[in-house]
Amino acid sequence: MAPGAGETGSVTSQIFPSDVQQTLDLVGIFVFALSGGLLAVRKNMDIFGICVLAEVTALGGGVMRDLVIGATPVAAFSNLGYFSTPLAAGLVVFFLHPQVERINRSVQTLDALGLGLFCVTGTAKAHDYGLGSVASVALGMVTAAGGGVMRDVLAQDIPSLLRWDREIYAVPALIGSAGTAVLIAADHLTAATGTTAALTAFLLRMFALKFGWRAPRAWHRNGSRTSEE
């Protein structure tokens with residue numbers, strides 16, 4: 001999702017050298033877009049729908065963050081690379097979706113890396129624009145996971161991060177964002193510590209996929225879990 005590298009603000013959000021961060025951003029955007037395009041194929045959408053879901057999944061969280069903090073024009077539309085990369089991913093899915101489905105595990109791994117990267121850079125950018133720690137953490141999580149919510153809503157699904165039958169997704173982003181906020185408050189956010197925070201979110205997501213970790217559901221007063229609908 002569109003991160004804030006290279007925009008106005010202080011240097012906090014420029015965690016990595018600009019060329020490195022640009023490359024990481026584009027890789028993350030591309031992988032997020034693949035997941036959006038694959039869902040569009042499963043929903044039997046045409047090429048326009050595939051590209052729309054690819055764009056929304058890849059850029060939606062960053063757009064929401066930038067609109068909230070007033071970073072306009074938003075990065076998704078001021079940087080041609082950010083906007084065109086999801087279109088390329090959508091075309092890849094359109095022509096090669098059976099092959100992309102076969103490497104879905106690899107796509108999930110790269111998606112988890114993107115989640116880790118964007119929760120860190122999203123939190124840092126929100127801080128650069130004057131938000132406090134709590135709001136910055138919230139927008140870091142939105143940057144990483146907001147596009148997936150928009151994708152699911154457009155596809156008329158319950159957002160996957162709100163479903164008990166899906167492995168946790170927002171929780172790793174929240175933890176990575178919170179760790180980043182702590183580092184900022186302690187004036188210790190560097191490329192090394194930012195990478196550590198991103199890897200923490202990444203590993204939590206990967207463990208969730210491997211072991212089927214899910215958030216707890218509501219409990220009855222007698223202590224038993226509510227039954228599934």
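Contact is taken here to mean heavy atoms within 4.5 Å. On this basis, and leaving aside neighbours within four places in sequence, W213 of this predicted model is in contact with R166, E167, I168, L204, F207 and A208. One of these residues, R166, is 47 residues away from W213 in sequence, yet the two are 8.3 Å apart in space, C-alpha to C-alpha. W213 itself lies in the segment after α8, and at 36% relative accessibility this residue counts as partly exposed.

The aromatic pairs in the model come to six. Among them is the pair formed by F207 and F211, which is tilted, with 6.2 Å centre to centre and 35° between the planes. Both of these phenylalanines belong to helix α8 (residues 191–211), where they are four residues apart, about one turn of the helix. F207 is partly exposed, its relative accessible area being 37%. F211 also pairs with W213, and this second arrangement is stacked, at 6.0 Å centre to centre and with 25° between the planes. Through these ring pairs, F207, F211 and W213 are linked into a cluster.

Terms used
Residues are numbered from 1 along each chain as its sequence is written. This is a predicted model: local features need pLDDT of at least 70, side-chain atom pairs count only at pLDDT 80 or more; totals for chains, interfaces and linings use all residues. Side-chain values use heavy atoms; hydrogens and water are left out. Rings of Phe, Tyr and Trp (its six-membered ring) pair if their centres lie within 6.5 Å; planes under 30 degrees apart count as stacked, over 60 as edge-to-face and the rest as tilted. Helices (H or I, at least four residues) and strands (E, at least two) are DSSP runs, numbered from the N terminus. Buried means under 20% relative accessible area, exposed over 50%, partly exposed in between (1.4 Å probe, protein chains only).
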